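Have the model open as you read.

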Amino acid sequence: MELRNFIANEWVAATATRPVIDPATGTVLATVAESSADDVATAVRAAREAFDSGPWRTTTAQARGRILFEMARVVRQHAAALAELETRNCGKPIVESEFDVQDAATCLEYYGGLATKIHGETFSVPDNAINLTLKEPIGVVGLIVPWNYPLLLAMWKLGPALSAGCTVVLKPAEQTPLTILEFARLVREHVPELPPGVLNVVSGDGPVAGRALVESMEVDKIAFTGGTDTGREVLHGVARSNLKKVSLELGGKSPNIFFADCDLDAATDGALFGVFINQGEVCSAGSRVLVQREIAAEFMARMQEKTARIRLGNPLDRATKMGPVVSQEHMERVLAAIARGRQEARLVAGGGRAESLPQGCFVEPTIFESDNAASIAREEIFGPVVTVIPFGDEDDAIRIANDTPYGLAAAVWSRDIFRCLRVVKAVRAGIVWVNTMQPCYVEAPWGGYKQSGHGREMSLHGQEEFLETKQVHINLSETPLGWY
Ligand code: NDP
């Protein structure tokens with residue numbers, strides 16, 4: 001199967017092609033476009049034309065909302081096929097892909113509804129005048145997404161962008177373009193109301209195709225999700241070009257904090273779910289488990305016991321709890337981090353490649369114990385690796401939790417609500433969960449403090465990221481100013 005770029009509702013061949021690999025089996029799933037900077041420029045021109053002179057500009061908010069509802073309907077109608085494709089392409093267990101696809105549709109519905117709720121404000125200025133704001137779409141937006149939630153994270157950006165009235169060029173991660181291209185195919189077939197050029201998809205390598213989008217003088221904003229180092233590159237590219245707007249959702253090393261009075265059974269489930277869901281390839285993974293010293297031994301024993309029961313294997317099997325990581329290259333990065341961990345910390349579980357599954361990129365769920373100074377406690381690994389860090393008292397827990405350049409998420413577990421709320425206030429992170437970890441809702445904002453990003457996705461905040469605010473001042477006085 002050869003898949004091309006989706007530009008102005010047509011399939012357009014790119015300069016070159018590349019294979020897409022199933023990480024569970026190593027087989028080639030499809031061939032996709034490997035876009036050059038010129039290929040990206042073609043897509044940007046289509047988006048520019050659709051924004052500047054196409055019908056999208058005058059499409060009503062109601063009509064935009066209806067288009068998003070139609071997209072959601074199509075996703076739900078083809079949910080099973082999309083989930084299977086997602087699992088084949090990125091390796092996540094099928095049950096998780098099914099959740100992701102439903103969440104993707106929910107996201108489109110939420111922003112479909114929000115299209116008609118965009119409004120400005122009026123201000124009481126000290127003059128005979130009316131002063132108000134208009135909310136307007138930012139323009140042409142480049143959406144750059146990673147491989148861990150390929151379809152879902154694309155919809156987190158596409159939903160608010162289209163709802164706001166922007167046009168987009170979407171670049172999936174090189175490893176995982178398939179569900180996004182399939183979404184474009186379904187939209188082309190089933191949502192004829194979408195004008196050409198509003199949604200464009202270009203596949204290709206980040207440093208070439210992604211960079212071309214970032215540095216384009218015709219793009220008004222980049223909405224990016226990916227690693228912190230890449231985020232830094234994006235900011236450089238934006239500074240080198242037209243100072244376009246940017247929102248960044250970056251990495252994390254999130255603390256999952258357990259006090260001695262927590263419910264041990266629920267807590268150890270939460271510790272493992274917090275980090276091993278999606279093979280640990282989660283930006284908000286609770287990859288630092290902070291445990292109060294008096295329960296640390298018992299906590300660790302229960303984590304070990306439950307980890308031994310995690311079923312690794314064919315991600316299309318509904319009983320599988322952990323699939324392969326996304327690619328050979330990424331597996332090697334994760335294994336290198338584990339090898340560093342073995343030098344500096346105590347290995348408690350796992351610790352290498354799953355030898356029983358040699359055909360795929362399977363890494364054992366791995367637990368280390370160390371202090372917060374070890375590299376495995378500091379660097380984002382983005383795989384099934386967790387570091388357990390014992391702590392003394394509440395101040396100690398807060399100090400360790402905040403001792404990181406990241407600030408995406410955190411969780412605190414205790415039966416003492418006063419303590420929980422003190423920790424919620426003290427931790428410098430964009431999302432803090434209490435007695436749970438990882439629930440994520442389109443209605444609520446998502447994003448990071450510190451080096452975990454700029455701006456927020458989802459909720460009304462996510463919509464705001466795709467809007468400009470225009471101040472309009474209407475003079476009501478017919479008397480000349482009398483200045484000259
Ligand atoms: P990368 O930063 O490598 O890639 C993210 C996207 O950026 C990909 O589409 C990639 O393309 C593209 N890209 C790479 N280099 C450039 C460049 N120079 N200019 C423009 N675009 C570029 O991240 P990963 O794909 O490895 O994803 C994992 C990272 O994403 C983790 O660090 C994780 O924490 C973060 N993440 C954050 C989330 C959040 O909400 N905060 C959510 C999910 C992930 P290509 O892959 O084709 O090279």
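Gly341 sits in helix 11, which spans residues 328–344. This is a predicted model, so please read each value below as computed from it. Is Gly341 buried or exposed? Its relative accessibility is 0%, and because buried means under 20%, Gly341 counts as buried. Leaving out residues up to four places away in sequence, Gly341 touches Phe368 and Ile376.

Gly341 and Phe183 lie 158 residues apart in sequence, and their C-alpha atoms are 40 Å apart in space. Which residues does Phe183 contact, once neighbours within four places in sequence are set aside? They are Met71, Val75, Leu108, Leu151, Met155, Leu158 and Leu199.

Phe183 also belongs to the largest nonpolar core, which has 91 residues. Together with Met71, Met155, Phe258, Phe299 and Ile367, Phe183 is among the members that touch the most other members. Helix 5, covering residues 150–164, gives the most to this core, with ten residues. Both domain 1 and domain 2 supply at least three residues each to this core. A second core is separate and holds 23 residues, including Ala47, Val219, Val234 and Val238.

The axes of helix 2 (residues 61–77) and helix 6 (residues 178–190) come within 10 Å of each other and cross at roughly 115°. The crossing of helix 2 past helix 6 is right-handed. The residues that make the contact are set out here by helix.

| Helix | Residues in the contact |
|---|---|
| Helix 2 | Glu70, Met71, Arg73, Val74, Val75 |
| Helix 6 | Phe183, Leu186, Val187, His190 |

What classes of residue make up the contact of helix 2 with helix 6? Six are nonpolar, one is polar and two are charged.

Finally, let us step back to the domains. The domain assignment gives domain 1 as 2–250 + 452–471 and domain 2 as 255–434. Taken over C-alpha atoms, the centres of domain 1 and domain 2 are separated by 31 Å. How many residues does each domain bring to the contact? Domain 1 brings 24 residues and domain 2 brings 28 residues.

How values were computed:
Residues numbered from 1 in each chain as written. Predicted model: local features only at pLDDT ≥ 70, side-chain atom pairs only at ≥ 80, totals over all residues. Heavy atoms only, no water. Core = buried A, V, L, I, M, F, W, Y, C linked by side-chain atoms within 4.5 Å. Buried < 20%, exposed > 50% of the residue type's maximum accessible area, 1.4 Å probe, protein only. Helix = DSSP H or I, 4+ residues; strand = E, 2+ residues; numbered from the N terminus. Domains from an automatic or database assignment. Contact = heavy atoms within 4.5 Å. Axes fitted to C-alpha atoms, helices over the stretch in contact; angles between N-to-C directions. Left-handed = near helix turned anticlockwise from the far one by under 90°. Nonpolar A, V, L, I, M, F, W, Y, C, P; charged D, E, K, R; others polar.
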